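Here is a short briefing for a first look. Keep the structure open while you read.

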Amino acid sequence: MDGSELRQRILAAFAPVPRPSRDEIAPHNCMECAELADDLAPYVAADIPDESFQRHVWDMPLLSAEAKHYYFPAWLIRGLDDSEPWLSDAVSAVLNTLKNLEHRWGPAQPYSREQWLVFQEWLSYVEKAGDAIDSDNIAEARARVGIEL
């Protein structure tokens, strides 16, 4: 499967996820979370501008469970393209998030089997395109995601 096909699978798998309101994006009441919510709220997950995404590439842990579920495709899609140096940060951010399934992974509408399969497909894709540095992280993330299937 090439990156374009995987992008379409990601978007299709996450299409049913409801978009959170601005107040549902980041549950913590601080300036950093307010900025994150302000920057993401106007956009659907696939259309977050590069500047906003780059500013928040490491902020997935700040997202509510619902917001993580909705915006996760933004990170997955960015991780398919390594033409920009900061996009490798998207891969690392996804791997760190997938390895920590205890932190805000309980949205009201649970992740579907199709979404867990897309995570597995994404991990296989980045493993083929990645480097040895990420191989241990990919293996650990794959093991954690496999538990959910």
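A90 is found in helix α6. This is a predicted model.

- A90 is buried, because its relative accessible area is 0%, and buried means under 20%.
- Beyond neighbours within four places in sequence, A90 is in contact with F53, V57, W75, R78 and G79.
- A90 and I77 are 13 residues apart along the chain. Their C-alpha atoms are separated by 8.8 Å.

**T97 in helix α6**
- T97 is found in helix α6, which covers residues 87–99.
- T97 is buried, with a relative accessible area of 8%.
- Leaving out neighbours within four places in sequence, T97 is in contact with M60, K68, F72 and W105.
- H56 lies 41 residues from T97 in sequence. In space, the two are 14 Å apart, C-alpha to C-alpha.

**Helix α5**
- Helix α5 runs over residues 65–78.
- Of its 14 residues, 13 are buried, so α5 is mostly covered.
- At 1.5 Å a residue, the 14 residues of α5 should span 20 Å. The end C-alpha atoms of α5 are 20 Å apart, which agrees.
- α5 has a kink of about 45° at Y71.

**How α1 packs on α5**
- Two packed helices are described by the angle between their axes and the distance between the axes.
- The axes of α1 (residues 3–14) and α5 come within 10 Å. They cross at roughly 175°.
- That crossing angle makes α1 roughly antiparallel to α5, because angles over 145 degrees count as roughly antiparallel.
- On the α1 side, the contact is formed by R7, I10, L11 and F14. On the α5 side, H69, F72, P73, L76 and I77 meet them.
- By class, this contact of α1 with α5 has seven nonpolar residues, one polar and one charged.

**Y111 in the loop**
- Where is the place of Y111? Y111 is in the loop between α6 and α7, and α7 covers 113–129.
- Y111 is buried, with a relative accessible area of 10%.
- Setting aside neighbours within four places in sequence, Y111 is in contact with F14, K68, H69, F72, W105, W116 and F119.
- R144 is 33 residues from Y111 in sequence. C-alpha to C-alpha, Y111 and R144 are 14 Å apart in space.

Methods. Residues are numbered from 1 along each chain as its sequence is written. This is a predicted model: local features need pLDDT of at least 70, side-chain atom pairs count only at pLDDT 80 or more; totals for chains, interfaces and linings use all residues. Side-chain values use heavy atoms; hydrogens and water are left out. Axes are lines fitted to C-alpha atoms, for helices over the stretch in contact, and angles run from 0 to 180 degrees between N-to-C directions. Helices (H or I, at least four residues) and strands (E, at least two) are DSSP runs, numbered from the N terminus. Angles under 35 degrees count as roughly parallel, over 145 as roughly antiparallel, 65 to 115 as roughly perpendicular and the rest as oblique. Contact means heavy atoms within 4.5 Å. Ala, Val, Leu, Ile, Met, Phe, Trp, Tyr, Cys and Pro count as nonpolar, Asp, Glu, Lys and Arg as charged, and the others, Gly among them, as polar. The expected span of a helix is 1.5 Å times one less than its number of residues. The bend at a residue is the angle between axes fitted to the seven residues ending there and the seven starting there. Buried means under 20% relative accessible area, exposed over 50%, partly exposed in between (1.4 Å probe, protein chains only).
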